[in-house]
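These are my notes from going through one model. I kept them in the order in which I looked things up.

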Amino acid sequence: LFGFCSLNADQRPKLRCTSYSDSESASEQQTTPAARKLQVPDDYSPAIFTSTAGANAYVQQSLMKKLVRQLLQGVEVALVLDDGGKMPASLSVDFQVAHLVIRTSQSARAIPLGDIRGDVIIRGNASIPGTTGPDAVKCSTLLMQDNQFVSLAFADVPSRSFFDAVFRAMLAARQAG
């Protein structure tokens with residue numbers, strides 16, 4: 001079992017985390033091939049997603065497709081635990097690209113993409129595991145609509161940067177409709 005922590009009003013994690021089991025959702029039961037490291041495409045640059053110019057729209061779309069293809073196969077990450085430790089996990093999306101699925105050796109959790117806030121990047125909050133310290137630059141913390149969060153550690157900074165930029169753009173595109 002693993003859980004997601006919740007933030008209270010002062011942005012500190014509540015002491016108790018909610019745990020989820022394997023049997024919670026049918027979409028969690030889909031099998032995923034062995035995960036591998038997230039590959040950063042040669043045409044990726046963080047600047048592509050910071051520009052509001054429409055000239056990058058085609059490249060952005062291409063990068064989103066590349067990320068989704070990798071997530072359909074599953075990529076290696078580590079869950080950052082409350083004590084700062086890490087648990088190996090795989091990160092994937094279901095075939096409908098409606099849920100982000102996090103699997104560990106003990107359990108799986110499907111998070112509806114609509115529940116993830118793409119407008120929030122949490123960095124430097126000492127009370128949230130994975131947002132401070134030397135490894136924080138390799139971590140991405142996802143915040144859900146109900147103030148639950150999960151911190152994921154990637155193999156390196158370029159992988160985390162690629163995931164952050166492209167995944168957040170993908171969420172924004174989904175919300176725009």
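**Loop residues with positive phi**

I began with Asn-147, which sits in the loop between strand 8 (139-144) and strand 9 (148-153). Strands here are DSSP runs of E with at least two residues, helices are runs of H or I with at least four, and both are numbered from the N terminus. The phi of Asn-147 is positive, about 65°, although the residue is not a glycine. I noted Asn-147 as partly exposed, because its relative accessibility is 27%; buried means under 20% relative accessible area, exposed over 50%, and partly exposed in between (1.4 Å probe, protein chains only).

I then looked up Val-97, in the loop between strand 4 (86-93) and strand 5 (99-103). Val-97 is also not a glycine and has a positive phi, near 50°. Its relative accessibility is 18%, so Val-97 counts as buried.

**Basis of the entries**

I am working from a predicted model, in which local features need pLDDT of at least 70 and side-chain atom pairs count only at pLDDT 80 or more, while totals for chains, interfaces and linings use all residues. Residues are numbered from 1 along each chain as its sequence is written, and side-chain values use heavy atoms, with hydrogens and water left out.

**The chain as a whole**

I listed three helices and nine strands. Their order from the N terminus is β-β-α-α-β-β-β-β-β-β-β-α. The chain has 177 residues, and 47% of them count as buried. I recorded an accessible surface of about 8900 Å² (Shrake-Rupley method, 1.4 Å probe), with 52% of that surface belonging to carbon and sulfur atoms. Among contacts (heavy atoms within 4.5 Å) with a separation of 6 or more, 53% join residues 24 or more positions apart.

**Helix 2 against helix 3**

How do helix 2 and helix 3 pack, and at what angle? Helix 2 (residues 57-73) meets helix 3 (residues 157-176) at about 105°, with the axes 10 Å apart. I took the axes as lines fitted to C-alpha atoms over the stretch in contact, with angles from 0 to 180 degrees between N-to-C directions. The two helices are therefore roughly perpendicular; that class covers 65 to 115 degrees, with under 35 roughly parallel, over 145 roughly antiparallel and the rest oblique.

Helix 2 contributes Leu-63, Met-64, Leu-67, Val-68 and Gln-70 to the contact, and helix 3 contributes Phe-162, Phe-163, Val-166, Phe-167, Ala-169 and Met-170. I sorted these into 10 nonpolar, one polar and no charged residues. Nonpolar covers Ala, Val, Leu, Ile, Met, Phe, Trp, Tyr, Cys and Pro, charged covers Asp, Glu, Lys and Arg, and the others, Gly among them, are polar.

**Aromatic pairs**

My search of the whole structure gave three aromatic pairs. Rings of Phe, Tyr and Trp (its six-membered ring) pair if their centres lie within 6.5 Å, and planes under 30 degrees apart are stacked, over 60 edge-to-face and the rest tilted. Phe-154 and Phe-163 form a tilted pair, 5.0 Å centre to centre with 35° between the planes. Phe-154, Phe-163 and Phe-167 form one aromatic cluster. Phe-154 is buried at 5% relative accessible area, and Phe-163 is buried at 1%.
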